Amino acid sequence: MAFIADALSRVKPSATIAVTQKARDLKAQGREVISLSVGEPDFDTPTHICDAAVEAIRRGETRYPPVLGIPQLREAVAKKFKRENGLDYKASDVIVATGGKHILFNAFLATINPGDEVIVPAPYWVSYPEMVAICGGSTVFVDTTMEHGFKLQAADLERAITPRTKWLVLNSPSNPSGAAYTHDELKQVAEVLLRHPQVHILTDDIYEHLVYGDFKFATIAQVEPGLFDRTLTMNGVSKAYAMTGWRIGFAAGPAALIKAMDMLQGQQTSGACSIAQWAALAALEGPQDHLAVFRKAFQERRDLVVSMLGQAKYLQCPSPEGAFYVFPSCKEAIGRKTPEGKVIESDVDFVTALLEAEGVAVVQGSAFGTGPNFRVSYAASNATLEDACTKIQRFCASLT
């Protein structure tokens with residue numbers, strides 16, 4: 001009898017975590033490394049949010065919270081969805097968990113039976129298919145293209161749906177591509193989904209507030225109210241409020257699903273950290289001035305990185321609508337040699353050689369289901385990004 005569960009044989013380690021750890025190891029050996037592999041804002045959590053956490057501690061808000069979340073935060077989440085997204089959720093439709101990842105995992109665990117299919121557009125966040133696999137489901141990948149802005153096309157979605165399709169996962173703005181769907185693009189996807197009532201939609205809106213220029217964010221249940229009862233709308237405070245370590249995600253959706261997730265969470269972690277929940281309440285209900293500051297900084301960084309990588313030999317770098325990633329193609333570098341004579345045969349070879357030659361850590365696109373590409377996180381200072389992009393340019397120029 002094997003000690004480790006068979007389910008784990010279906011799961012791969014996170015490529016983003018692996019690259020980040022490799023960068024740490026090289027730093028520990030004395031190498032100078034610029035890590036652009038982490039999906040984490042480099043800003044501090046706004047002061048009023050931190051103050052709210054301290055006040056909560058002093059008030060003695062240190063007991064076990066309700067599994068679904070403290071009532072005040074669930075009410076604030078419902079108000080947020082109404083105010084910002086035009087969605088009429090009640091506080092009873094809301095669940096708070098230990099990060100967005102926890103929300104997603106519990107939603108899959110509560111609904112997937114062996115053989116159920118989950119449609120995931122590629123490129124995708126690395127954890128989606130691994131969560132589906134742990135839960136015994138099958139991931140159906142639908143490729144997107146740079147020419148279509150890495151966005152799911154309605155005709156491709158239609159072809160992918162089968163009687164066993166249970167979920168479609170939509171992540172907008174996207175990790176890793178930064179692609180974000182317009183209202184009209186979501187409407188085209190929604191028209192397909194309306195024809196297939198067995199398909200539910202899990203919309204990962206964690207980068208909602210990080211969109212640039214004149215882009216207007218929309219979420220699918222807002223665009224098509226006919227899908228409201230089939231949609232789990234997930235969001236959180238980690239990206240827009242620089243609260244990654246506070247570990248608070250939230251979602252709203254059908255009552256039966258929220259009840260099932262509540263039951264699961266009650267046997268897992270119970271309620272999310274009480275102090276972090278009070279901080280998240282301050283984030284949602286307090287001043288929002290920092291959002292404009294974050295957006296301005298990230299847009300400047302996006303433009304810098306897109307411009308510099310666009311000037312690098314053998315790279316193509318589209319300009320994304322949101323998040324803090326770019327997803328350049330290194331297709332033209334495949335088959336070329338490094339100065340040491342090593343042939344670049346894949347995007348894995350490309351990012352490995354880049355790290356070894358120039359000390360710049362990025363993540364191979366194949367880890368996200370699309371290659372030969374690589375993901376660059378521009379959640380770093382302008383000076384750091386300029387230095388890193390100069391090194392990437394130098395590396396590309398060295399290939400023959």
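In this predicted model, strands β9, β12 and β11 form an open sheet in that order, with antiparallel pairing. Its edges are β9 (325-326) and β11 (363-364), each of which pairs on one side only. Two bridges hold β9 against β12 (residues 374-377) in the antiparallel sense, and Val326 stands opposite Val376 of β12.

Five bridges connect β6 to β5 (residues 165-171), and the two strands run parallel; Asn171 has Asp204 of β6 as its bridge partner. Four of the five residues of β6 are buried, so the strand counts as mostly covered, buried meaning under 20% relative accessible area.

The largest pocket holds about 690 Å³ of space. Its lining comprises 31 residues, of which Gly39, Lys101, Trp125, Lys239 and Arg247 are the closest to the centre. Helices α1 (15-28), α4 (100-111) and α5 (127-134) are the elements that each give two or more residues to this lining, with α1 giving the most, four residues. By residue class, the lining of the largest pocket has eleven nonpolar, 13 polar and seven charged members.

Side chains of opposite charge can pair when their charged atoms come close. The whole structure contains 19 salt bridges. In one of them, Lys12 meets Glu130 at 3.1 Å, N to O. Lys12 belongs to the segment before α1 and Glu130 to helix α5, so this contact ties together parts 118 residues apart in sequence.

Arg164 and Asp116 form another salt bridge, with their closest N and O atoms 3.5 Å apart. This pair also links distant parts of the chain, 48 residues apart: Arg164 is in the loop between α6 (154-160) and β5, and Asp116 in the loop between α4 and β3 (117-122). Arg164 is partly exposed, at 42% relative accessibility, while Asp116 is buried, at 8%.

In the salt bridge between Asp88 and Lys82, the closest N and O atoms are 2.8 Å apart. Asp88 is exposed, with a relative accessible area of 52%, and Lys82 is partly exposed, with 45%. Finally, a network of salt bridges links Lys80, Arg83, Glu84 and Glu208.

Notes: Residues numbered from 1 in each chain as written. Predicted model: local features only at pLDDT ≥ 70, side-chain atom pairs only at ≥ 80, totals over all residues. Heavy atoms only, no water. Buried < 20%, exposed > 50% of the residue type's maximum accessible area, 1.4 Å probe, protein only. Pairing = 2+ DSSP bridges. 1 Å grid on protein atoms, 1.4 Å probe; cavity = no way out; pocket = protein on both sides within 12 Å on 5 of 7 lines; lining within 4 Å. Points joined across faces, edges and corners; volume = space filled by probe spheres on them. Nonpolar A, V, L, I, M, F, W, Y, C, P; charged D, E, K, R; others polar. Salt bridge = Lys/Arg side-chain N within 4 Å of Asp/Glu carboxyl O.
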